[in-house]
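Here is a short briefing on salt bridges, a pocket and a surface patch. Please keep the structure open while reading.

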Amino acid sequence: DTGQNARKSKGAFYTPRDIVSFICKESLREYLYEKVGNSTFNQGIDFLIDYSDAEFLARKSTSGADLWGVNSKSVTKKIVEALDNYKVIDPACGSGAFPMGMLQLLLRTYERLLKSFDPYAIKLSIIENSIFGVDIQPMAVEISRLRAWLSVLVDENDKNNIQPLPNLDFKFVCANTLISLDKGTSKFADPKLDKKLANLRDMYFNARSPEKKKKYQDEYHELTKINLFDSADRRTQQLKTFDPFKNIYSAEFFDAEYMFGISGGFDAVIGNPPYLLEGKTNKQAFKGIPYYQGKMDLWYSFAAIGIDFLKKNGHLCFIAKNNWVTNSGASVLRNKIITDAKVEQLIDFGNLMIFENADQQTMI
């Protein structure tokens, strides 16, 4: 296949940088509006997110340290706390454009709020606590991890002082986002298996020496090795398909608590999910997915599942084909939005083709 044919066969297209930036900004803006909880400060939040560096410095030089029109310390503290707790996922992250876009936006926002700013340390914190990605293609996951590593390296001025990089095996994972982890267990299964593995995940992120990494990997594989009774328990079988250290195939499920330690949902779901129409050659991609209906597009399920991933008052922001508004195969998605969500914005690009080499009419 040529690159173009390969992308079309998987429904995957690169999103222009301006669209990535817009989606990241709108998602963060709505989150901060909600967390501050006072529309008086919305304009200050807009300045914080939208202004160029030159515009922001000019604003600060004319209004002093007071960005908000009142004593800014309490508002600034509230926003920094909100940023520290922000959780955002791209459920079909590809090469990581949206997580990296959000990383850069969060970094710039911290820089404008903190008096003491260390870009190296802040990036590590954002990667560890805020951004998460999933993709079914192993190579896409490897590229996302690499981009995250490189983004940290460029902000360490003293190249002799570069510390061992964090382990991102549990930050960008190769998995089928649309299939959830089975709830049940058999009498032979270890009901605490996912909890034990979650503890290992946390320790592994900050492991620096090869010996510690190897130790945690061995413990992980010991907990997940096949035994005689596993065939009786679908959940355990699913868990054993997830080996983040051998990124050569995708896990047969996705579970945010098990893989990421996120139990309460995400503040934002962003991205550019795959556009793939159901057809004779695409049947496997639609097998067992939730919110299924005939003659549908695969991204409909990503949108419906994405709503389920959100916390209360969380935001989903996708670039996607604009035919879902009237397409008969999207009625399940439309009903899902009517019952479980609220449309904040629809931006229809009409006949403007956003994607290079793709004849797709899109909207945000």
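Which residue forms a salt bridge with E26? The partner is R29, with the closest N and O atoms 2.9 Å apart. A salt bridge here is a side-chain nitrogen of Lys or Arg within 4 Å of a carboxyl oxygen of Asp or Glu. This is a predicted model: local features need pLDDT of at least 70, side-chain atom pairs count only at pLDDT 80 or more, and totals for chains, interfaces and linings use all residues. Residues are numbered from 1 along each chain as its sequence is written, and side-chain values use heavy atoms, leaving out hydrogens and water.

**Salt bridges**

- The count comes to 12 salt bridges.
- E26 and R29 sit 3 residues apart in helix α2, about one turn of the helix. Helices (H or I, at least four residues) and strands (E, at least two) are DSSP runs, numbered from the N terminus.
- Both E26 and R29 are buried. Buried means under 20% relative accessible area, exposed over 50%, and partly exposed in between (1.4 Å probe, protein chains only).
- A network of salt bridges links E26, R29, D46 and D50.
- D53 and R112 also pair through their side chains, at 2.9 Å from N to O. D53 is in helix α4 (residues 53–63) and R112 in helix α6 (residues 97–113), so this pair ties together parts 59 residues apart in sequence.
- R112 is buried, at 9% relative accessibility.
- D340 and K336 form a salt bridge at 2.8 Å, N to O. They lie 4 residues apart in helix α14, about one helical turn.
- D340 is partly exposed at 47% relative accessibility, whereas K336 is buried at 7%.

**Second largest pocket**

- This pocket holds about 830 Å³ of space. A pocket is an open set of points on a 1 Å grid over the protein atoms alone, where a 1.4 Å probe fits, with protein on both sides within 12 Å along at least five of seven lines; lining residues have an atom within 4 Å of a point.
- Of its 31 lining residues, H315, L316, K342, V343 and E344 are the closest to the centre.
- β5 gives the most to the lining, with 9 residues.

**Nonpolar surface patch**

- V325, V343 and L346 make a nonpolar surface patch of about 240 Å². Patch residues have over 30% relative accessible area and no salt bridge, and nonpolar side chains (Val, Leu, Ile, Met, Phe, Trp, Tyr) are joined within 5 Å.
- V325 is in the loop between β6 (320–321) and α14. V325 is partly exposed, at 39% relative accessible area.

Definitions and conventions. Grid points are joined across faces, edges and corners, and a volume is the space filled by probe spheres set on the points. Patches are made of residues with over 30% relative accessible area and no salt bridge: like charges are joined within 9 Å, nonpolar side chains (Val, Leu, Ile, Met, Phe, Trp, Tyr) within 5 Å. Accessible areas come from the Shrake-Rupley method with a 1.4 Å probe; for residues, only the protein chains shown count as cover.
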